[in-house]
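Student: I have a structure open and want to talk through its packing. Can you take a look with me?

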Amino acid sequence: MTNYLIRNSAGLTLLCALLGTLCKTGSGQIRYSVLEELDKGSFVGNISKDLGLKPPELAERGVRIISKGKTQLFALNPRSGSLVTADRIDREELCAQSTRCLVKFNILVEDKLKIFEVEIEIKDINDNAPDFLTEELEIKIGELTAPGTRFPLKTAFDPDVGINSLQNYQLSPDDYFSLAVKIVSDGAKYPELVLEQALDREEKKVHELVLIASDGGDPVHSGNLYIQVIVLDANDNPPVFTQPEYRVSVQENLPVGTRLLTVNATDPDEGFNAQVSYILDKMPGKIAQIFHLNSVTGDISILKSLDYEDAIFYEIKIEAQDGPGLLSRAKILVTVLDVNDNAPEITITSFTRSVSEEAAAGREVALVNVHDRDSGQNGQVMVFVLGNMPFNLEKSIDQYYRLVTARSLDREQVSEYNITLRATDGGSPPLSTDTHIMLHVEDINDNPPAFTHASYSAYVPENNPRGASIVAVTAQDPDSIKNAHITYALTEDTIQGAPLSTYVSINSDTGVLYALRSFDHEQVRDLKVLVTASDSGDPPLSSNVSLTLFILDQNDNAPEILYPILPTDGSTGVELAPRSAEPGYLVTKVVAVDRDSGQNAWLSYRLLKASEPGLFMVGLHTGEVRTARALLDRDSLKQSLVVAVQDHGQPPLSATVTLTVAVANSIPDVLADLGSLEIPLTPEASDLTLYLVVAVAAVSCVFLAFVIILLALRLRRWHSSRLLQASGGGLAGVPTSHFVGVDGVQAFLQTYSHEVCLTADSGKSHLIFPQPNYADTLISQESCEKSEPLLVTQDLLEAKGDPKLLQQAPPNTDWRFSQAQRPGTSGSQNGDETGTWPNNQFDTEMLQAMILASASEAADGSSTLGAGAGTMGLSARYGPQFTLQHVPDYRQNVYIPGSNATLTNAAGKRDGKAPAGGNGNKKKSGKKEKK
């Protein structure tokens with residue numbers, strides 16, 4: 001009946017294990033039971049059902065096992081939602097001989113950060129047979145041993161528990177021996193060999209016995225021990241320990257080789273029967289590898305370091321055996337004391353790698369588990385966040401903590417946090433462990449773009465090419481990725497009726513502003529543009545900045561003549577100048593404007609061409625046309641003037657106007673010749689005149705350079721030999737003939753008349769030889785002051801106080817010319833003796849062109865002397881002794897600096913010749929003047 005109940009109980013237990021009975025106790029705790037030695041992947045329990053989830057939700061919600069042990073015994077089947085074995089489970093290896101073998105671990109539901117405790121009981125099966133750990137046992141029994149004497153036998157060991165563990169012993173049948181089983185208080189069974197009758201060594205020396213140990217499993221497993229009993233002479237006292245049980249407590253950090261204690265056993269026999277040796281009983285596990293027993297002295301020492309975390313208690317069985325083989329047993333109980341030799345362990349169970357900066361305080365970042373393998377105070381762990389970090393740790397269940405934000409985060413201040421968690425135990429000294437968590441702060445679009453300047457201004461020259469870049473505006477956004485991607489745009493506006501987009505455009509990526517048209521300063525002087533910078537966030541943020549474009553003026557407009565304006569009816573506009581007009585008489589005024597601005601609109605006027613050079617002059621800045629000298633009867637009625645108006649741009653632009661001046665005292669005189677007044681309108685004639693002027697000017701420049709060099713050489717010798725010697729160190733006594741003479745050099749100097757400018761109140765009197773004069777205006781005092789000195793002598797410095805030096809030499813009235821001085825082509829004397837115009841028509845036209853060139857040069861404002869100069873073109877054609885004094889119409893105002901005298905043809909008057917004479921033929925002369 002007993003066996004029947006045992007078998008039914010075992011069957012029920014097996015059925016319960018196979019069905020994976022689920023037991024729930026308390027909130028959040030799940031219990032299962034499973035048999036050992038099941039195949040990998042064997043069903044344990046329906047964990048998805050117990051968690052209230054469907055099988056597919058296990059993976060979606062991050063359900064996973066968190067085990068404290070080093071080996072993962074169980075796993076989750078995501079398809080079926082069940083808990084299965086991860087490998088074969090050996091209960092004996094896992095829990096040794098513990099009555100109940102429990103495995104605990106936690107299951108985490110990661111999306112809710114919930115933890116469930118799971119407890120699985122490992123059920124034992126009869127997978128181990130009892131084992132004596134040795135196959136043979138030799139017992140020596142004296143023949144005098146009394147019947148009923150008991151001899152302890154080796155015990156069998158069965159690592160199974162319960163009904164599967166060791167249940168009974170059986171001895172093979174024998175007439176001399178029987179088996180007795182001794183059961184102690186802890187339920188352990190110790191077999192003893194009982195002598196039933198006295199031994200007789202002479203009858204039988206050795207007795208062969210078999211001890212069988214069997215368990216209660218189904219099927220039953222057993223183990224055999226072969227006993228050989230040797231009959232000896234009398235040794236009837238086994239060794240006896242001083243105490244049946246020894247207890248010792250040691251710290252886990254005890255050095256290897258340290259003696260724990262010494263056991264002692266005594267034998268009342270004598271001699272060989274009293275010699276006791278100590279034996280460490282063979283036991284399962286690693287006890288024999290940890291402890292060592294000296295067989296002679298009985299000293300117990302350690303072979304390897306103890307670890308409280310591995311085992312806190314050891315039970316060591318020892319035997320004392322005398323010489324003949326009698327033995328006795330004792331136990332040593334070793335308790336391992338904990339020391340603080342393990343630092344706390346921090347495990348990041350769950351972790352969120354990034355948190356949005358808009359997250360409120362209390363946002364979960366990580367789930368942390370702390371554990372210390374030490375016990376007691378050494379295992380008490382505190383965990384905290386190092387540094388001034390915006391994070392807190394909140395206690396969860398068991399040893400779990402939640403890392404949460406203490407406040408909202410700002411990515412623009414800190415984009416990434418390196419969080420350091422420190423766990424410290426309560427030992428002495430305390431041990432600590434640090435772990436690091438890198439947390440990235442995700443950006444939100446909370447910052448609009450900001451321009452680097454409050455406003456922008458740029459300057460663009462007008463007439464710029466289309467598509468030219470003007471200026472670049474830049475904005476910065478402290479956000480990241482797309483929230484910091486900036487696009488630029490222009491706010492639409494209207495300028496002079498046209499959209500702004502037709503004027504400028506902006507590159508949406510770089511912020512570079514481009515011109516879409518060529519700007520005109522005269523139409524648009526500045527543009528005001530509003531630039532918008534927008535990021536790519538959701539929703540996008542933007543900011544504006546004002547940009548002012550200033551259109552810079554360029555000299556692209558020539559001056560425009562406002563007055564005089566040619567009549568539209570084809571008639572000729574005429575200005576009137578009376579013959580009685582004094583020098584400086586205002587004839588008319590040229591009025592011009594320039595559409596440009598600034599320096600480009602500053603205008604200057606000059607006389608470009610005149611039919612009568614030296615008769616009129618033009619104000620440089622006013623444009624007033626005035627008479628340069630008094631009008632004479634011989635002056636032609638019709639005077640044509642070409643006035644040029646030029647601005648100061650780079651390059652300068654100019655415009656010209658042709659004035660017709662009628663010289664007459666009354667209106668009837670003018671009307672008589674109005675039919676003959678014409679204004680040349682042919683562009684080809686004007687262009688030809690311009691080319692002639694340019695050609696003559698170029699030749700004049702070359703010849704002027706030659707004249708200056710020759711003058712420098714000639715005047716040095718002339719000045720030292722004639723001027724200084726004759727005057728005795730001053731200029732007061734220089735005769736007029738030194739300036740106007742009959743020899744070749746004096747005539748040459750007369751031809752290219754020069755000024756002598758003396759300052760009466762300066763000790764640095766200068767002898768000045770300016771450039772040849774081609775102007776139609778008189779020299780001013782400023783030209784003398786600005787001229788460069790040629791010679792300065794000590795005699796002039798000493799004679800500055802002599803008033804004679806300040807006296808002006810009288811003009812030379814002898815203007816007669818020798819045959820060599822009369823006009824004609826170079827090397828010939830083809831003119832008449834009276835010095836009239838050349839008879840050759842080609843020479844006459846060339847002379848007129850050169851006179852016009854001289855008048856053009858005089859209009860530059862650099863001339864210093866009126867009539868009497870301008871011989872460059874003439875001398876090249878008619879010889880170096882020919883001057884404008886040979887021309888009747890251009891020798892009236894010969895001005896000597898420092899004197900009010902005007903040189904006239906006194907010799908001609910003395911000889912009875914007219915001032916305009918040429919053989920006294922006035923009609924012929926008048927005809928030539930009209931040409």
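This is a predicted model: local features need pLDDT of at least 70, side-chain atom pairs count only at pLDDT 80 or more; totals for chains, interfaces and linings use all residues.

Student: How many helices and strands are in the protein?

Tutor: The protein has 14 helices and 56 strands.

Student: And what share of the residues is buried?

Tutor: Of the 931 residues, 42% are buried. The exposed surface comes to about 48,600 Å², with carbon and sulfur atoms supplying 52% of it.

Student: What about contacts between residues 24 or more positions apart?

Tutor: They account for 67% of the contacts with a separation of 6 or more.

Student: Now the cores. Which residues have the most contacts inside the largest nonpolar core?

Tutor: That core has 28 residues, and the ones with the most contacts inside it are Phe 451, Ile 470, Tyr 488, Tyr 503, Val 504, Phe 519 and Val 531.

Student: Which elements give two or more residues to it?

Tutor: Those elements are β34 (455–461), β35 (469–472), β40 (504–506), β41 (512–515), β42 (526–534) and β43 (542–552).

Student: Pick Ile 470. What is it in contact with, leaving aside neighbours within four places in sequence?

Tutor: Ile 470 is in contact with Ala 458, Val 460, Val 504, Leu 513, Tyr 514, Ala 515, Phe 519 and Leu 549. There is also a second, separate core of 26 residues, which includes Leu 261, Tyr 314, Val 334 and Val 336.

Student: Back to Tyr 503. Which residue's charged end sits over its ring?

Tutor: Arg 517 does that, with its charged end 3.9 Å from the centre of the Tyr 503 ring.

Student: Aromatics next. How many aromatic pairs are there in the whole structure?

Tutor: A search finds eight. In one of them, the rings of Phe 241 and Tyr 278 have centres 6.3 Å apart and planes at 45°, so this pair is tilted.

Student: Where do those two sit in the chain?

Tutor: Phe 241 is in strand β16 (residues 240–241) and Tyr 278 is in strand β20 (residues 277–280).

Student: Are they buried or exposed?

Tutor: Both Phe 241 and Tyr 278 are buried. Tyr 459 and Phe 550 form another aromatic pair, this one stacked, at 5.2 Å centre to centre and 20° between the planes. Tyr 459 lies in strand β34 and Phe 550 in strand β43, 91 residues apart, and this pair too links distant parts of the chain.

Student: Why does Tyr 459 count as exposed?

Tutor: Tyr 459 counts as exposed because its relative accessible area is 53%, and exposed means over 50%. Phe 550 has 31%, so this residue is partly exposed.

Student: Switching to cysteines. How many disulfides are there?

Tutor: The count is one. Cys 95 and Cys 101 form a disulfide, with their sulfur atoms 1.8 Å apart. Their link is right-handed, with 60° about the S-S bond, and both cysteines are buried.

Student: And Cys 701, buried or exposed?

Tutor: Cys 701 counts as exposed, at 52% relative accessibility.

Student: Last one: where is Ser 48?

Tutor: Ser 48 is in helix α2 (residues 47–51). With a relative accessible area of 3%, Ser 48 is buried. Leaving aside neighbours within four places in sequence, Ser 48 is in contact with Leu 53, Lys 54, Pro 55, Leu 58, Ser 80 and Gly 81.

Notes. Residues are numbered from 1 along each chain as its sequence is written. Side-chain values use heavy atoms; hydrogens and water are left out. A nonpolar core is a set of buried Ala, Val, Leu, Ile, Met, Phe, Trp, Tyr and Cys residues joined through side-chain atoms within 4.5 Å. Buried means under 20% relative accessible area, exposed over 50%, partly exposed in between (1.4 Å probe, protein chains only). Helices (H or I, at least four residues) and strands (E, at least two) are DSSP runs, numbered from the N terminus. Contact means heavy atoms within 4.5 Å. Rings of Phe, Tyr and Trp (its six-membered ring) pair if their centres lie within 6.5 Å; planes under 30 degrees apart count as stacked, over 60 as edge-to-face and the rest as tilted. A charge sits over a ring if NZ of Lys or CZ of Arg is within 6 Å of the ring centre and within 35 degrees of the ring normal. A disulfide is a pair of cysteine sulfur atoms within 2.5 Å. Accessible areas come from the Shrake-Rupley method with a 1.4 Å probe; for residues, only the protein chains shown count as cover.
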